[in-house]
Amino acid sequence: MTADTAASERGAGIEVQGLRHGYRSAAGQLRVLDGVDMAVAASGYAAVTGSSGAGKTTLLAILGGLERAQAGRVEVGGRDIAALTGDDLAAYRRTTVGFVFQHFGLLDTLTAAENVELAATLSGLTPRKRRARTAEVLDSLGLGPRARHRPAELSGGERQRVAIARALVNRPRLLLADEPTGNLDEEAAAMVVELLERLRFEHGCTLVVVTHSRPLAARAELHFRIDGGQVVLADRSLPVDRAGAAINPGARP
């Protein structure tokens, strides 16, 4: 089996058809997503852009099983996640999906290692396996020397890397990143983007990034834009490196 074949089996493909979702407000029902169709291949890399309030985070929450679609079909890795309930839905969130949030979401009273291990605890791993896997993922992200530090003792880029480590510790097939560079300076943001791309290549997971950054979106193999509740495939261009030069989207980051 080739590395490319293994990666395609590792990632979870996405198939969305006729997705509709909205919220009740004082003015009535607000339709955020209105007949969304989209597909991302297993181990693919997609960016989603759109104006504030367009529904980007809502789409990510539905793909991640945090919200249930009100209508339509949402399949991840060949499973209809809209049909999952109770323990099955919780298991999907723990073992299939990894989340990376803009605001890190780390617990201030825990060290970097404890924040990551907490996610592994929820997956039911034994204490020994939790510690080993936590150390492994922190080391892979260059955070081994910072494992005993609390979030307040880390830079913004380091905190985001801890959040990425937490998302990866259960070896997800789908990695969802919601504005992962929104709170970072330009240099730290570039490092985080390159890190996500490298991890996607090394782990074979499917990567979906929500962003306001057009340069970041241009790096992805697919660029979806949400407009008026619809998802459209934006003009496709080759991914670019930090200097803005085109690179081969099939090459290793």
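Student: How do α4 and α6 run relative to each other, roughly parallel or roughly perpendicular?

Tutor: Quick note before that: this is a predicted model, where local features need pLDDT of at least 70, side-chain atom pairs count only at pLDDT 80 or more, and totals for chains, interfaces and linings use all residues. Residues are numbered from 1 along each chain as its sequence is written, and side-chain values use heavy atoms, with hydrogens and water left out. Now, α4 and α6 pack at about 25° with their axes 8 Å apart, so they are roughly parallel to each other (angles under 35 degrees). The angles run from 0 to 180 degrees between N-to-C directions, and the axes are lines fitted to C-alpha atoms, for helices over the stretch in contact. Helices here are DSSP runs (H or I, at least four residues), as are strands (E, at least two), numbered from the N terminus.

Student: Which residues of α4 and α6 meet?

Tutor: Ala112, Asn115, Val116 and Ala119 of α4 meet Val162, Ala165 and Arg166 of α6, with contact meaning heavy atoms within 4.5 Å. By class, that contact has 5 nonpolar, 1 polar and 1 charged residues. Nonpolar covers Ala, Val, Leu, Ile, Met, Phe, Trp, Tyr, Cys and Pro, charged covers Asp, Glu, Lys and Arg, and the others, Gly among them, are polar.

Student: And α4 with α5, at what angle do they cross?

Tutor: At roughly 130°, with the axes coming within 9 Å; α5 is residues 127-140. On the α4 side the contact includes Val116 and Glu117, and on the α5 side Arg130 and Arg131 are among the residues.

Student: What about α6 and α7, how do their axes cross?

Tutor: The axes of α6 and α7 (residues 186-203) come within 10 Å and cross at roughly 20°. They are therefore roughly parallel to each other. Among the residues making the contact are Ile164 and Leu168 of α6, and Leu195 and Leu199 of α7.

Student: What lines the second largest pocket?

Tutor: It has 17 lining residues, with Arg93, Ala119, Leu122, Arg166 and Asn170 nearest its centre; lining means an atom within 4 Å of a point. α3 (86-95), β6 (97-101), α4 (112-122) and α6 (156-168) each supply at least two of the lining residues. By class, the lining has 10 nonpolar, 4 polar and 3 charged residues.

Methods: On a 1 Å grid over the protein atoms alone, a cavity is a set of points where a 1.4 Å probe fits but cannot get out, and a pocket is an open set with protein on both sides within 12 Å along at least five of seven lines; lining residues have an atom within 4 Å of a point. Angles under 35 degrees count as roughly parallel, over 145 as roughly antiparallel, 65 to 115 as roughly perpendicular and the rest as oblique.
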